[in-house]
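This report is meant for a reader who is meeting this structure for the first time. It goes through the sheet, the helices and the contacts between the chains in turn.

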Amino acid sequence: MNKIERVEKNARLSRAVVHNGLIWLSGIVANDFNEDIHVQTQQVLARLDEMLEKTGSSKARLLTVQIWLKDIVADFDGMNEEWSKWVCENEQPARATAGVSFDDENIRIEVVAVAATL
Amino acid sequence: MNKIERVEKNARLSRAVVHNGLIWLSGIVANDFNEDIHVQTQQVLARLDEMLEKTGSSKARLLTVQIWLKDIVADFDGMNEEWSKWVCENEQPARATAGVSFDDENIRIEVVAVAATL
Amino acid sequence: MNKIERVEKNARLSRAVVHNGLIWLSGIVANDFNEDIHVQTQQVLARLDEMLEKTGSSKARLLTVQIWLKDIVADFDGMNEEWSKWVCENEQPARATAGVSFDDENIRIEVVAVAATL
C-alpha cells in the first residue's frame, strides 16, 4: 500500500496530498481578493510555487493545471499575460481554462494543479 | 501494461475506473434532486462511501475532490457543514470548489473524486 | 525520478504530458466554433483520438473525462448522442459533465481527459 502524505491540513482539506509520485493540490486563490486579475494571478502562482517547493517539487514538474476564472471573457488575456511570464520555458503542463463562479464574489481566479515529485 | 478495471459500467461511462493504484470516480449526484443542499450533500457522500468500498478503498484514502455547486453563494456553507461531519479527521483530501450549471436544474451538488487503492 | 514527456508544446501549455503511465491532456475544443454541438463534439473526439494515438494510447485506455458545456441544458443530449457513438463499448471512462463559460462565446464544448499509456 502506497503511503499518503498530507500537507497543511485543516478541518476541511489538505493543501497538498502526495502519493506514489503525484502531488494533488487544493484549489489556490489569491491572498487579496480586492486586486485585479494580474495581481490575483501573480499571488496564485506565487502560492503554487510555495506549495510545490514545500512538497519537494517545482513548476518544472507540473503535469496539469485547471484554471478557473470568474469572468473568463474579461480576464483571459490578463491571466495569460501573467501565466506566460511565470510558466517554465520547455516544461509547460497540460492546461484547461473555464469560467465558473466562486463563493466570494471578488475571487477572480482559482488554480487546481497536479505535479510530479522530484 | 497496467490493467484497467472498470466498475459499474453503463453505455456512457464507468462509475469507477481503477488503474495502477488510483481510483477515478465519475461525478456523483444525489438520489433525490428535490432535496436541499444538506440532504443532497449527504446523499452524494454516502454514495461516494459506497463506491470507495466497492473498489476496496475508503474515505481515508481520498486524494482529491472537486465539488461543483449550482448556487455556490447560497449553498457553500450548507455543503461545508455536511462535508465537515463526513470527512476523515487527519485524512483530508485536496479540494477545490466551483459554481457550475447542471443538465437538471434541481441538481445542487456534484462531486468528482480520485482515491488511492488500499 | 520518473521522466516527464511533453507533447505538442507551445508557449502556454503542452497538449499532452506523459508521466509514469498516465497521459494528462489539455482541454480540447473544436476546430470550427461556428458548428453546432454535434459537429463540435465530433471534432473534439476526433482530436482526442489523435492525441491518444500520438502518445501511444487509445480511447480504450481512457481513465477519466470532464466534459464542459457552454449550454448544458440545450446541448447535453446532442453531446451524449455523439459520445455514445464514439466511446468504446466495454471500456468506458469515468465521466463528469458541467456547464461552464468559455473565452470565445461560440465554443460549445471542451473535454479534459486522462488516459493510461499502453
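## The sheet of chain B

In chain B, strand β4 (residues 62-69) and strand β6 (residues 109-116) pair in the antiparallel sense over seven bridges, where two strands count as paired if DSSP finds at least two bridges between them, and where helices (H or I, at least four residues) and strands (E, at least two) are DSSP runs numbered from the N terminus. B:Ile67 stands opposite B:Val111 in β6(B). The model is a predicted one, in which local features need pLDDT of at least 70 and side-chain atom pairs count only at pLDDT 80 or more, while totals for chains, interfaces and linings use all residues. Residues are numbered from 1 along each chain as its sequence is written, and chains are lettered from A and ligands numbered from 1 in the order in which they are written.

The pair belongs to an open sheet of six strands in chain B with mixed pairing, in the order β1-β2-β3-β6-β4-β5. Its edge strands are β1 (4-9) and β5 (94-99) of chain B, each of which pairs on one side only. Direction ignored, neighbouring strands of this sheet are turned by 15 degrees against each other on average.

## Helices on the sheet

Helix α1 (residues 37-54) of chain B lies across β1, β2 (14-19), β3 (22-25) and β6 of chain B, and runs at about 25 degrees to β6(B); axes here are lines fitted to C-alpha atoms, for helices over the stretch in contact, and angles run from 0 to 180 degrees between N-to-C directions. Helix α2 (residues 72-86) of chain B packs on the sheet as well, touching β4, β5 and β6 of chain B, and its direction makes about 140 degrees with that of β4(B). Contact between two residues is taken to mean that their C-beta atoms, placed from the backbone, lie within 7 Å.

## The two helices of chain A

In chain A, the axes of helix α1 (residues 37-54) and helix α2 (residues 72-86) come within 9 Å and cross at roughly 40 degrees. α1(A) and α2(A) are therefore oblique to each other, given that angles under 35 degrees count as roughly parallel, over 145 as roughly antiparallel, 65 to 115 as roughly perpendicular and the rest as oblique.

The residues that make this contact include A:Ile37, A:His38 and A:Leu45 of α1(A), together with A:Met79, A:Trp83 and A:Trp86 of α2(A). By class, the contact of α1(A) with α2(A) has five nonpolar, four polar and two charged residues; Ala, Val, Leu, Ile, Met, Phe, Trp, Tyr, Cys and Pro count as nonpolar, Asp, Glu, Lys and Arg as charged, and the others, Gly among them, as polar.

## How the chains are arranged

The contact takes 23 residues from chain C and 24 residues from chain B. On the side of chain C that touches chain B, β4 (62-69), α2 (72-86) and β5 (94-99) of chain C each supply at least two residues, and the classes on that side are 13 nonpolar, seven polar and three charged residues.
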